[in-house]
Amino acid sequence: MKLCSLIMLGAVLFAGAASAQTREDRDKAISTTTISLGTATPGGGFPLYGNAFADAMNAADPQLIIAPRNTKGSNENIPLLEKGELDLALVAGEPAYEAFAGIGRAPVRLKILTAIYSNPGMFVVRADSPFKTIRDLVGQPVAFGAKGSGLPILSRYVLDGLGLKQEEDFKAIYLDRAGEGPAMVEDGRVAALWGAGIGWPGFAAVASSPSGARFIAPSAEEIARIRAKHSFLKPLTVPAGSYPKQTEPIASLGSWSFVLTREDLPDDIAYRLAKTLHGAEAVFCKKLAQACETTAANTVAAVPKPELIHPGVMKYFREIGVAR
């Protein structure tokens, strides 16, 4: 009888523990929030950044699950956000500028979560290429980036500022996947690859190739001409050492890319995302060099207008003193 009582007591205790564990698991599942994040085609800078972003955020707040998703890039991410099919998405500066300004479409009502990194635009050629300037590339086959990405839009503004037309003055090639570009430079299918940013995978791949790389950016006089026509483009610098065997800084111009949110992302979620992200700035920077520019202060400085920042994010920025 005593043995039977002990067995029954053990069963009760086990059932109680199992029930508590079930409640704990259920409560954990309820408190977990999954956030979808649109990036771009494999081989480009956005998937690299987006995956590192998700890793850093998920480690900092395990109940906030960031789920990256490959897309066709900025031009697909914007309508996906508008339709509510994405919660967050990476969008290059030029498509974001056009979308907020209503250029070629109605103005979007999306919001900014954070500025991610600056995008100084330039061309890369093989180290043994005869081409030295942008004008030298006129008439040549040039890969201007993946279809649907922001890179071709940035190049279009840069070239327009120099009186050049991307479709008419170059044999313009648009890629199905961003990762295709470096091989095309290496084997001579294109004379140059257009890209942007610090640590951009396409530039890194060409610079690491057997042939090596040389970068072509607008001259100081060309930068002045471009900005006279398109003042939203800002002077930016690629620091020395950003790519293999790049011993000197490179002056160029471009804009900041952003993480945008759908219009109706709840304020408390946006606040939590901002607090998690900027609380993990140092960890994120160690994970990815480009992420060192992802700071609260840079976001406040980079946005076209403060009211474009999500209200939940602005609440956090005011708390930490980087915004009024």
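1. Let's start with helix α4, residues 93–101, which is mostly covered: seven of its nine residues are buried. Buried here means under 20% relative accessible area, exposed means over 50%, and partly exposed is in between, with a 1.4 Å probe and protein chains only. Helices (H or I, at least four residues) and strands (E, at least two) are DSSP runs, numbered from the N terminus. The buried set in α4 is G93, E94, P95, A96, E98, A99 and F100.

2. A word on what you are looking at: this is a predicted model, where local features need pLDDT of at least 70, side-chain atom pairs count only at pLDDT 80 or more, and totals for chains, interfaces and linings use all residues. Residues are numbered from 1 along each chain as its sequence is written, and side-chain values use heavy atoms, with hydrogens and water left out.

3. What do the buried residues of α4 pack against? Their partners are α3 (74–82), β3 (88–91), β4 (111–126), α5 (151–161) and β10 (250–261), with contact meaning heavy atoms within 4.5 Å. After α4 comes G102, which has a positive phi, near 75°.

4. The largest one holds about 240 Å³ of space, and of its 14 lining residues, F232, K234, S255, A302 and P304 are the closest to its centre. Helix α4 turns up again here: α4, β9 (234–238), β10 and α12 (296–302) each supply at least two lining residues. By type, the lining of this pocket divides into 10 nonpolar, three polar and one charged. For the record, Ala, Val, Leu, Ile, Met, Phe, Trp, Tyr, Cys and Pro count as nonpolar, Asp, Glu, Lys and Arg as charged, and the others, Gly among them, as polar.

5. How are pockets and cavities told apart? On a 1 Å grid over the protein atoms alone, a cavity is a set of points where a 1.4 Å probe fits but cannot get out, while a pocket is an open set with protein on both sides within 12 Å along at least five of seven lines; lining residues have an atom within 4 Å of a point. Grid points are joined across faces, edges and corners, and a volume is the space filled by probe spheres set on the points.

6. The structure holds one cavity of 30 Å³ or more. The largest cavity has a volume of about 230 Å³, and 20 residues line it, with F46, S149, G150, L151 and W200 closest to its centre. The elements giving two or more residues to that lining are α2, β4 and α5, and α2 gives the most, with three. This lining splits into 11 nonpolar, eight polar and one charged.

7. On to the rings: there are 16 aromatic pairs. Rings of Phe, Tyr and Trp (its six-membered ring) pair if their centres lie within 6.5 Å; planes under 30 degrees apart count as stacked, over 60 as edge-to-face and the rest as tilted. Y49 and F284 make a tilted pair, 5.3 Å centre to centre with 55° between the planes. Y49 lies in helix α2 (residues 45–60) and F284 in helix α11 (residues 281–287), so this pair ties together parts 235 residues apart in sequence. Both partners are buried: Y49 has a relative accessible area of 0%, and F284 comes in at 1%.

8. F203 and F215 are edge-to-face, because their ring centres are 5.2 Å apart and their planes are at 80°. F203 sits in helix α8 (residues 201–207) and F215 in strand β8 (residues 213–216), so the parts tied together are 12 residues apart in sequence. F203 is buried at 0%, and F215 also counts as buried, at 16%.

9. Ring pairs link F123, F144, F170, Y174 and W194 into a cluster. The charged end of K315 sits over the ring of Y271, 5.2 Å from its centre (the rule: NZ of Lys or CZ of Arg within 6 Å of the ring centre and within 35 degrees of the ring normal).

10. T237 lies in strand β9 and is partly exposed, at 45% relative accessible area. Leaving aside neighbours within four places in sequence, T237 is in contact with P120, I198, P249 and I250. K245 is in the loop between β9 and β10 and is exposed, at 81%. Most residues other than glycine have a negative phi, yet K245, not a glycine, has a positive phi of about 65°.
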